Amino acid sequence: MTADILEAKAEPVEHEDTRDSRRLGFSLTLPAQLLILFIAVFPILMQIYISLTDWSPLDGISWWQAHQLWNGFANYTDLVADDRFWSALWRTVLVMAICVPAEFLLGLGLAILFVDNFPGRGFLYSVLLVPMMVVPAVAGYMFFMLFQSGGPVNDILSFFYGAPVTIAWLSDPDLAFFAVIASDIWQWTPLMFLILLAGMVGVPEDQLRAATLLGASWTTRFRTIVLPRMKTIIIIALAIRVIENFKVFDNFYIMTGGGPGVATETISIYIYKVTQQELIWGYVAAVALVILISLSVVSAFAIKRMSQSREAG
Amino acid sequence: MASIAFKNVTKRFGDTVAVDNISFEIADNEFFCLFGPPLSGKTTILKLILGLERPDEGEVLIDGKPVNHVSPARRNVAMVFQNLALFPHMTAEENVRFPLVERKMSSDEIAPRVADVVEKLHIGHILHKSPAQLSGGERQRVAIARALVRDPVAYLMDDPISALDARLREETRVELKRIQHELGRTLVYVTHDQEEAMSVADRIAVLENGVIRQVGAPSDIYDNPNSAYVAGMLGAPAMNLIDLDPDRPSALGGALPLEGITVPAGATKIGIRPEDLTVGYDGGGAGKPVEVYEVEPLGGVTIVTLQSEDITLRAMVRGQPQIRPSSEVSLSVANGQACFFNGQGEALSA
Amino acid sequence: MTAIHLENLGKTFGSFTALKNMNLEIADGEFVALLGPSGCGKSTTMNMIAGMIDPSEGAIRFGDRDMRGVPMSRRGVGFVFQNYAIFTHMTVYENLAYGLRATGVAKAQRDRRVHDMAEFLHLTPLLKKPSAGLSVNILQRLAIGRSAIMEPAIFLLDEPLSNVDAAFRAVMRTELKHLQREFRQTMVYVTHDQLEAMTMADRIAVMDHGKLLQVGTPIDVYNNPSSVFVAGFLGSPGMNLVKGRSVEAGGFIRVDLGEAGMSTPLPAHLSASVPEGASVFYGFRPEHCELTDGEGLRLPVTFVERIGARTIVHMGSDGSAVKCVFDNRVPVRNGEVVSLAIDPSNVRVFDAETGAAIGGAN
């Protein structure tokens with residue numbers, strides 16, 4: 001009998017309860033699911049259709065008659081050969097590769113600072129969240145003004161340099177790139193901070209104390225307990241930011257219009273310009289579809305990792 | 001007519017058989033205890049009675065009628081949860097009235113039922129308080145009142161007092177017994193604490209891995225267990241199970257003489273409860289001396305742990321005898337109080 | 001190994017005094033139980049020994065070392081939490097190895113020690129398993145092993161058996177006792193269960209409402225409680241305390257117990273210490289009563305608990321509510337009025353006002 005007690009396992013899963021709750025959950029979300037299906041799936045089907053044609057609104061026919069201008073996969077092959085597309089794509093990936101890690105590290109750093117209570121924490125917390133609440137277009141305009149040749153950034157640099165500094169940030173391809181990235185980091189670090197702080201606060205206090213009593217230093221505890229237990233939250237935060245950042249448009253467009261030249265032209269700006277200026281909607285549909293599929297793959301991967309972590313406890 | 005009955009009920013969860021072909025009857029107004037180690041099927045049986053689970057095979061009967069297909073809401077069986085689950089934002093009175101208000105009864109119908117249950121449980125003076133203002137015992141009584149106000153056929157409790165302090169547990173189990181006695185309602189009570197089970201129950205069902213090993217009154221099962229398993233489940237420290245010597249009436253190679261005790265045919269082991277294992281420490285015992293391994297004075301009794309021939313035995317001696325570890329003592333069986341078991345662990349009568 | 005000295009220790013949380021004037025010496029290698037009901041200050045005391053909270057007043061020394069300002073990671077104490085605080089995102093092996101890794105022990109040695117500890121605690125088959133989802137009984141042993149493997153000089157356990165089922169508790173009590181004997185650590189054990197304290201501790205410190213009431217070996221505290229609280233808290237059931245008034249009778253003091261009748265004369269040393277006409281509690285343990293046909297306290301039986309090896313008979317009510325323990329063959333019935341005889345040498349008297357014991361030990 002002792003052996004049985006010593007090896008007793010945890011409770012088995014309650015199948016009937018889970019089945020019932022899943023059924024209820026499904027029926028409750030059904031109306032919303034149908035709506036999303038309509039709003040999301042229908043336009044995608046429309047988009048696939050148009051991407052296989054050479055249609056433009058100037059052609060004088062309604063979109064559902066675009067089959068008259070069928071050109072098969074011509075748009076897709078054009079896409080592959082389109083240098084401007086690839087450079088915009090590359091530029092977008094570069095932006096993402098700089099912004100997201102920067103936002104993550106800064107957000108993590110802030111979360112570490114905010115995890116323990118200190119006087120004024122509540123107030124400072126609200127202040128730090130403000131950038132996230134600013135309308136992105138407005139943020140773009142703010143940074144546009146900040147980075148003017150006679151603007152505040154140059155004024156501050158002049159102060160430290162000792163002599164007047166009149167860098168034309170937004171007219172220089174490299175400096176403009178830096179400026180738009182700065183605006184994104186400023187605006188979205190708070191989101192990372194918010195999510196990561198929530199994850200960090202959820203790490204059980206007792207486990208941290210137990211680790212301390214076992215002799216673990218702060219960095220050891222951070223590495224072995226805090227970060228592993230934040231795995232799911234980190235994946236969510238990164239997935240959200242990667243997908244959103246990839247689509248960045250408002251502030252970049254307002255700051256630089258994608259320029260100078262195409263120095264800050266991200267994929268969204270590229271699509272917008274091609275649509276507005278060249279009006280080749282069929283082609284644009286193909287481009288947008290390719291982007292959609294790539295981003296879907298990323299989020300599918302993130303969701304899979306999330307559910308794996310959840311099962312592991 | 002039995003209040004609750006199970007006929008050949010089996011319940012599976014995936015590959016695990018939680019409850020395996022069990023049958024038993026609970027009489028009207030009985031305090032019936034389901035007792036066993038964790039995962040022996042006790043909670044599953046409660047859920048089958050409540051209707052939260054349906055049997056895969058067999059029938060569950062309440063008041064003589066099969067209820068396999070009756071939903072929990074219509075079965076008229078009430079449950080008092082371990083954490084009592086009193087609504088914190090309502091007063092005690094509102095809590096007690098809640099089940100009837102739920103059923104859309106009119107105030108005229110509700111009032112006398114509530115008054116009846118309030119009187120039986122002596123909670124009239126605390127009705128206006130909220131659960132946070134009540135003591136643990138008062139909260140328990142309000143929870144029971146709420147369960148009973150529907151006038152159920154039976155009420156169920158799943159391990160209600162294990163989370164309490166030791167001292168409070170001892171007092172509350174007496175209180176629960178008194179309440180059940182006064183109310184005269186069938187109570188099905190789950191616990192894994194053998195002393196608690198023996199104290200409160202009219203009858204106990206001892207479970208192992210989803211099977212009922214024995215059902216009976218506490219003293220019956222204690223004095224006449226039908227197997228080594230049941231013998232080991234009741235009583236603490238557990239019954240000592242010792243191999244009988246093949247050639248003479250003794251056990252432990254002569255350390256435990258069994259003169260005057262009839263050993264039934266086919267018996268391979270003798271079971272002696274610690275309180276029946278007499279320890280002679282003044283010298284002059286009939287058997288071979290045995291070494292004392294450990295002495296645990298509990299105040300009112302002393303637990304003496306002995307080692308002999310690779311087995312560990314425990315004796316419960318009254319009071320505070322002066323026995324030292326590593327000293328030698330002699331053993332005997334008090335008043336011929338022993339059980340015998342065969343090779344399969346089944347009890348044999350002399 | 002280390003002795004622990006608690007000197008005038010106290011802790012307040014805002015306006016709430018959790019602990020006051022705690023003075024306790026725990027010898028090197030001793031197993032001391034801090035025993036008391038919820039909220040008595042035992043966990044607060046232990047958390048201060050571990051360094052989790054700072055004392056509001058007083059000092060804690062390990063041997064000669066004053067522990068003020070020493071952070072918890074450097075106190076060298078093992079701590080078992082009530083909810084185990086197992087690192088559920090790691091395997092059993094990784095949990096056991098955690099402290100060794102964190103303090104830089106080499107892999108080969110780490111591996112050997114983890115396997116030895118797993119062997120000792122019967123956890124070997126589970127080493128590779130994730131610790132999440134394992135049963136409470138296993139997590140308990142894992143929590144102990146994880147701390148014990150660091151071979152701390154001081155081992156602190158915070159109600160480690162409270163979440164464990166009754167049968168397993170008995171097994172774990174024995175294992176913990178052997179662990180302490182084997183490693184000879186100074187062990188401080190917090191519990192509300194007097195049975196655990198009695199069976200495991202070398203000495204018990206009984207606490208209530210932030211105060212240390214009595215310290216001594218289990219049997220000493222059991223036999224000679226210094227207050228009604230200690231008398232009632234130890235023992236299962238606790239000591240019976242019947243309110244009465246002392247009366248002088250033929251050179252000795254007897255206690256008038258109202259409905260129950262008059263007690264037998266108190267032994268000489270108690271008669272000398274108990275003043276006449278005092279309001280007192282007449283105390284005797286449940287196992288020290290006998291049913292008699294002759295003279296004794298007359299009480300009606302109100303409830304009989306037959307629990308296997310013993311029978312607890314509840315008698316009387318209100319101020320003279322009494323419980324007696326007999327073996328399981330005793331023939332009593334509910335409602336019967338019985339006569340109780342109590343050996344005078346087992347009687348204890350307490351002041352009804354202060355609750356303090358009157359008269360010294362026997």
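Modeller: Helices (H or I, at least four residues) and strands (E, at least two) are DSSP runs, numbered from the N terminus, and the expected span of a helix is 1.5 Å times one less than its number of residues. This is a predicted model, in which local features need pLDDT of at least 70, side-chain atom pairs count only at pLDDT 80 or more, and totals for chains, interfaces and linings use all residues. Residues are numbered from 1 along each chain as its sequence is written, while chains are lettered from A and ligands numbered from 1 in the order in which they are written.

Helix H5 of chain A, residues 121–133, has 13 residues and spans 19 Å from its first C-alpha to its last, close to the expected 18 Å. A residue is buried if 20 or more other C-beta atoms, placed from the backbone, lie within 10 Å of its own, exposed if 12 or fewer do, and partly exposed in between. The number of buried residues in H5(A) is zero, so this helix lies largely in the open.

Turning to the backbone, most residues other than glycine have a negative phi, and most peptide bonds are trans. Leu39(B), although not a glycine, has a positive phi of about 65°; this residue sits in the loop between strand S3 (31–35) and helix H1 (42–50) of chain B, and is buried, with 20 other C-beta atoms within 10 Å. Asp159(B), also not a glycine, has a positive phi of about 50° and lies between strand S7 (154–158) and helix H5 (166–183) of chain B, where 19 C-beta neighbours inside 10 Å make Asp159(B) partly exposed. Finally, the peptide bond joining Ala236(B) and Pro237(B) is cis, with omega about 0°, and Pro237(B) is in the loop between helix H8 (228–233) and strand S11 (240–243) of chain B.
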